[in-house]
Amino acid sequence: MNAPQPAAAGLDGERADLLQTLDKHRGFLRYTVRDLTDEQAARRTTASELCLGGLIKHVAGTEAGWMRFVVGGADAMVSDPGDWEAQFRMAEGETLAGLLAGYEQVAAATDALVAGLPDLDLAHPLPAAPWFEPGAVWSARRVLLHIIAETAQHAGHADIIRESLDGARTMG
């Protein structure tokens, strides 16, 4: 697998800091799934429904959805609700390599979008949902901070799952 290019290449200041931090946590997540077979990536190793391939799929989908929000607001991030838990599992025919390639495409699109935004203060009202404060508005900056937190949290989940799978860890 080829290493992705640095997210903040050619940028400086706040955008570089945000993208470098996001890229660091993406890297932790990708490193956690190194040298796994598709079967290992699909295996549940804890009491949760999470598997490593499912986490890659979820984080990629979440990042893509939030980037649609940055460009077009709440209506742009709406997707087919379908089977919520399916985003955390590898479906029949999905491969870890394919999920990682999709994640790299999402990451590249995010990096390009952030680099080209006229202003990180660009903001939209959040969609109506019980987990959002009514009437709240998030800027592109706030969305990036959310994606960083989400990616870091799921990288930690992935580390626990990987250690339960074969003893390997991302750090330490």
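**Aromatic rings in a predicted model**

Biologist: Ring pairs join Trp-66, Phe-69, Trp-131, Phe-132 and Trp-138 into a cluster. What kind of model is this?

Modeller: This is a predicted model, in which local features need pLDDT of at least 70 and side-chain atom pairs count only at pLDDT 80 or more, while totals for chains, interfaces and linings use all residues. Residues are numbered from 1 along each chain as its sequence is written, and side-chain values use heavy atoms, with hydrogens and water left out.

Biologist: Why is the pair of Trp-66 and Phe-69 called edge-to-face?

Modeller: Rings of Phe, Tyr and Trp (its six-membered ring) pair if their centres lie within 6.5 Å, and planes under 30 degrees apart count as stacked, over 60 as edge-to-face and the rest as tilted. The centres of Trp-66 and Phe-69 are 5.3 Å apart and their planes stand at 75°, so the pair is edge-to-face.

Biologist: What makes the pair of Trp-66 and Trp-138 stacked?

Modeller: Trp-66 and Trp-138 lie 5.0 Å centre to centre with 25° between the planes, and planes under 30 degrees apart count as stacked.

Biologist: How do you know whether Trp-66 is buried or exposed?

Modeller: Buried means under 20% relative accessible area, exposed over 50%, and partly exposed in between (1.4 Å probe, protein chains only). Trp-66 has a relative accessible area of 6%, so Trp-66 is buried, and Trp-138, with 12%, is therefore buried as well.

Biologist: What sits over the ring of Trp-138?

Modeller: The charged end of Arg-142 does, 4.1 Å from the ring centre, where the definition asks for NZ of Lys or CZ of Arg within 6 Å of the ring centre and within 35 degrees of the ring normal.
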